[in-house]
Amino acid sequence: MSILKEEFPVEAMDFVTAGEASAQIKRLLKKLGVDAGVIRRLSIACYEAEINLVIHSDGGKLVLEVDSNEVTLISEDVGPGIPDIDLAMTEGYSTASEDVRMMGFGAGMGLANMARNADRFDISSKVGEGTTIKMYFSL
Amino acid sequence: MTVNEAAKIIGASILTEGTDTSREVREGYTCDLLSWVMAHGREGMAWITVQTHMNVIAVASLHDMACVIIPEGISVEADVLGKAAEEGISVLSSRLTAFEICGRLTQAGIGAC
């Protein structure tokens with residue numbers, strides 16, 4: 001039974017509003033009275049996903065779905081896709097540009113950090129089409 | 001130690017208006033890689049970084065940090081400070097290097113995670 005479902009669009013290369021969707025999602029979950037530990041883990045995973053959308057995709061969205069025993073966060077994008085997911089999941093591996101690295105991003109921690117913070121993590125990608133990440137957090 | 005007390009130890013001014021500077025600093029951290037800090041940041045941290053763009057505030061806020069400390073007198077843009085105030089994150093500016101800030105805060109009893 002879904003208590004709430006909401007979508008948050010994320011624009012490619014917009015570093016000014018990057019993080020806004022994650023902040024909104026965090027506030028929403030606080031209002032719903034979700035456990036602080038879950039909010040913390042979800043916020044971190046969500047921010048990583050949002051930044052990845054900004055850096056790597058041609059645009060995408062975050063979809064938050066809350067039901068009575070689980071929160072689901074989906075990141076969907078249109079973009080280049082990931083040719084080798086195992087390699088992309090390796091900490092320290094990044095394809096981020098020099099400009100993005102200068103801002104302190106592109107340490108190659110994002111996907112691994114999402115997987116670590118979610119209770120379940122699924123990623124699928126098609127080269128030339130886009131990437132979908134599903135993260136589940138038990139309540 | 002509070003944010004206010006930490007600021008005094010490193011001769012820092014508080015750039016944000018209206019944030020709670022009586023907040024407890026639990027530990028210190030320094031790193032300029034935001035994605036690294038996303039992975040290792042914790043609640044109540046004083047985070048020292050030379051990065052001054054908007055995403056620093058997002059990372060500090062998501063981790064519910066105590067404050068962000070900008071070393072070497074690097075200037076911070078007004079819209080970033082406005083965002084920090086809105087999120088309740090104090091931003092401190094010190095003329096000292098990150099190295100010296102860490103040294104002084106450690107000597108004053110702030111631990112690392």
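Chain B has 5 helices and 5 strands. This is a predicted model, so please keep that in mind throughout. Going along the sequence, the order of elements in chain B is α-β-β-α-β-α-β-α-β-α. Of the 113 residues in chain B, 45% are counted as buried. Taking contacts in chain B with a separation of 6 or more, 53% are between residues 24 or more positions apart.

Now the sheet of chain B. In what order do the 5 strands of chain B lie? The order is β1-β5-β4-β3-β2, the sheet is open, and the pairing is mixed. The edges are taken by β1, residues 13–14, and β2, residues 27–30; each has a single partner strand, so one side of each has no neighbour in the sheet.

On one side, β4 (residues 67–70) and β5 (residues 90–93) of chain B run parallel, with 4 bridges between them. Within that pair, Cys67(B) has Ser90(B) as its bridge partner, and Ile69(B) has Leu92(B). With β1(B), the sense is antiparallel and there are 2 bridges. There, Ser13(B) is bridged to Ser93(B).

Is β5(B) buried or exposed on its faces? Both faces are covered: Ser90(B) and Leu92(B) are buried on one side, Val91(B) and Ser93(B) on the other.

Glu72(B) has a phi near 55°, which is positive although the residue is not glycine. Glu72(B) sits in the loop between β4 and α4 (78–87) of chain B. Glu72(B) counts as partly exposed, because it has 13 C-beta neighbours inside 10 Å, and a residue is exposed at 12 or fewer and buried at 20 or more.

Next, the contact between the chains. How many residues of chain B are in contact with chain A? There are 14, and they meet 19 residues of chain A. On chain B, α2 (34–40) and α3 (54–62) each contribute at least two residues to the side that touches chain A. Sorted by class, that side of chain B has 8 nonpolar, 5 polar and 1 charged residues.

Over to chain A, and its sheet. Here too there is an open sheet of 5 strands, with the order β1-β2-β3-β5-β4 and antiparallel pairing. In chain A the edge strands are β1 and β4; each has a single partner strand, so one side of each is left without a neighbour in the sheet. Neighbouring strands in this sheet are turned against each other by 10° on average, ignoring direction. Between β4(A) and β5(A), which run antiparallel, there are 7 bridges. In that pair, Lys126(A) has Gly130(A) in β5(A) as its bridge partner.

What packs on this sheet? Helix α2(A) does, and the strands it touches are β1, β2 (60–67), β3 (70–77) and β5 of chain A. The direction of α2(A) makes about 5° with that of β3(A).

The other helix to look at is α5 of chain A, residues 110–117. Its buried residues are Gly110(A), Leu111(A), Asn113(A), Met114(A) and Asn117(A). Viewed down the axis of α5(A), these fall within an arc of 165°, so they line one face of the helix. Against what do the buried residues of α5(A) pack? In chain A, they pack against α2 (36–56), α3 (85–89), β4 (120–126) and β5 (130–138). They also pack against α2 of chain B, one of the helices contributing to the side of chain B that touches chain A.

Last, chain A has a positive phi to note as well. Met13(A), a residue other than glycine, has phi near 60°. Met13(A) is in the loop that joins β1 (2–10) and α1 (20–31) of chain A. Met13(A) is partly exposed, with 14 other C-beta atoms within 10 Å.

That is the end of the walk-through; I can take questions now.

Technical notes:
Residues are numbered from 1 along each chain as its sequence is written. Chains are lettered from A and ligands numbered from 1 in the order in which they are written. This is a predicted model: local features need pLDDT of at least 70, side-chain atom pairs count only at pLDDT 80 or more; totals for chains, interfaces and linings use all residues. Two strands pair if DSSP finds at least two bridges between them. Two residues are in contact if their C-beta atoms, placed from the backbone, lie within 7 Å. Ala, Val, Leu, Ile, Met, Phe, Trp, Tyr, Cys and Pro count as nonpolar, Asp, Glu, Lys and Arg as charged, and the others, Gly among them, as polar. The arc is that of the directions from the helix axis to the C-beta atoms. Axes are lines fitted to C-alpha atoms, for helices over the stretch in contact, and angles run from 0 to 180 degrees between N-to-C directions.
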